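Opening the notebook on a new model today.

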Amino acid sequence: MRRLDDSPLLPNHIPPWSAGVIYQIIVPSYCDSDGDGMGDLPGVVSRLDYLQWLGVSGIWLSPIHPSPMLDMGYDVADYRDVNPRFGTLADFDRLIREAHRRDLRVLLDFVPNHTSDEHPWFQQSKSSRTNAKRDWYIWRDAAPGGGPPNNWTQQYEISDWQWDARTQQYYMHSFTPEQPDLNYQNREVREAMWDVLRFWLDRGVDGFRVDAMVHLFKDPLFRDNPPAEDSSVDRWPAWNMLPAFTQDCGGLQDVIREMCEVVRQYPGRMLLGENHLPAERLNAYYRSGMTHPANAQLLDLQWDALKLRRTVDRFEGFLTDQDWPNWYLGTHDNDRVATHLGAERARVAAMMLLTLRGTAIVYYGEEIGMHNVDVPPDKAVDVLARRLPGRGVGRDKQRTPMQWNATANAGFTTGEPWLPLAPDFAETNVDRQRDDPHSMLSLYRRLLKLRAENEAIRVGRYLPDVIDSRAFVFVRHGESAKALVALNFTDRAITVEPKATTGTVLLSTQLDRENERFDGVLRLRGQEGVVAAIP
Ligand code: NOJ
Ligand code: MG
């Protein structure tokens, strides 16, 4: 198999730390230091010891900049400062220092596609048709008979075009009208945004997650998007057209290449793009220089061993020897894994995520098995919930405060939490699971430790093993070690017969079988996953 020959385990341009586990933090929901009910940067600093203990390599922070917070900070009003609700630039510098002291890296969420409508650039742009910043955003005349210039309609089931009565033109927004899209055909825009990257790189960040990367460039001819034959092609509500001219379209890779080049000048940094695309379309992003184009194949996964095996095999098959994969199960835009799969399957899924070849991205709270939380409509803050009420599309449910302990407000805040806490926080919390050797937290910690100590799991090649409709079985093959991973997707006890006939269990999702030997057949309990050392 291709990856068994002499290709390097970790391509040279991938910073070794970035092959580890990246932990996604929703800053307002992680830890509140000042009692205002919203998490902040000093709160994150106070939890760095925990993250070091857990064993992650780096953290990705949700947007930290000044913002009206209409879309949880994905509406930036100033790219070069810190939202006062979260702290100051000095707090940020301290976070970088304290994280690096613990060998933890820090990624910021870079939101290049759009600004807030309160950003001074947009205020200037909309002040007159002749303003120097007019062309920094995408302005168009009405269609000949009146109305929006074309049919573009995306996430919010409204036209992507918003009329501006004062200057008598439409501006384009891929998300809400309060998030106008920047115009990447304009050279000044690109330079200004690359300067934003340099500003934070010079301050010591280790890279960025790049929001909405596939949206950055639109068809310069503004052609209508074609209708979708199957309107379920995307998980967003009522997507009724293929985004052929608004996403992942011609001209985009040129922008991505420039962005990557800026970051490449700073050795050891990484870019995690938000590229929710079919696997075969990620190749272009790798070729443009992205170290980690985010691979959405496991989001909202179906619990089917053969399907998952096919997904992973296909994905691995698309990569060249120079490409390093990455995987994630959940984000702030998806249901909690324990809600989607149930508690037992969530353990097997965690083992899969953390033993597949590639960077693993873990959403905060998954390590204690947090669930979606019902947020009543009058407490909803998410813009999706407020714009499309009654549709169950709100994302507050997976963004609720981290559950640290059983004290008031789960140790998250001394004030009134900005989003409701899970009703079960007294049972499901870090403190309680820390000392329980069988808890989800113990499982995550053991898996992270295994990754750190076992070369095969950390960087070994991926080899699918026996085909079995009940279990996903694969091998990781390093220079100094080999490991077998066998994941039982059924509720029943089964036996599998891996190609390696003997081995020693290193870890079970039930945390109780270490050092057990197997010979010929490997026995798995219902919904159990096992990692074993093999000769
Ligand atoms: C993707 C982010 O993950 C999502 O939360 C946000 O609403 C949109 N981009 C707009 O920035
Ligand atoms: Mg606070």
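Below are my entries, starting with the ground rules.

**Ground rules.** This is a predicted model, so I keep to its cut-offs: local features need pLDDT of at least 70, side-chain atom pairs count only at pLDDT 80 or more, and totals for chains, interfaces and linings use all residues. Residues are numbered from 1 along each chain as its sequence is written, chains are lettered from A and ligands numbered from 1 in the order in which they are written, and side-chain values use heavy atoms, with hydrogens and water left out.

**Entry: Ala296.** I looked up where Ala296 sits, and found it in the loop between β9 (292-293) and α9 (305-318). Helices here are DSSP runs of H or I with at least four residues, strands are runs of E with at least two, and both are numbered from the N terminus. Is Ala296 buried or exposed? Ala296 has a relative accessible area of 15%, so it counts as buried (under 20%; exposed is over 50%, partly exposed in between; 1.4 Å probe, protein chains only). Leaving out residues up to four places away in sequence, I get His276 and Tyr328 as its contacts (heavy atoms within 4.5 Å). I also checked Leu216: it lies 80 residues from Ala296 in sequence and 18 Å away in space, C-alpha to C-alpha.

**Entry: salt bridges.** How many salt bridges does the structure hold? The count is 40, where each needs a side-chain nitrogen of Lys or Arg within 4 Å of a carboxyl oxygen of Asp or Glu. I picked out a few.

**Asp93 and Arg203.** The closest N and O atoms of this salt bridge are 2.9 Å apart. The pair links distant parts of the chain, 110 residues apart: Asp93 is in helix α4 (residues 89-101), Arg203 in the loop between α6 (187-202) and β7 (207-210). I have Asp93 as partly exposed at 22%, and Arg203 as partly exposed at 28%.

**Glu316 and Arg357.** These side chains meet at 3.0 Å, N to O. Glu316 belongs to helix α9, while Arg357 is in the loop between α11 (343-355) and β11 (359-363), 41 residues apart. Glu316 is buried at 5%, and Arg357 is buried at 1%.

**Asp333 and Arg395.** Here the closest N and O atoms are 3.1 Å apart. Asp333 is in the loop between β10 (326-328) and α10 (337-341), and Arg395 in the loop between α12 (383-387) and α13 (430-434), 62 residues apart. I noted both Asp333 and Arg395 as buried.

**Last entry.** Which residues form a network of salt bridges? I list Arg187, Arg190, Glu191, Asp254, Arg257 and Glu258 as linked in one.
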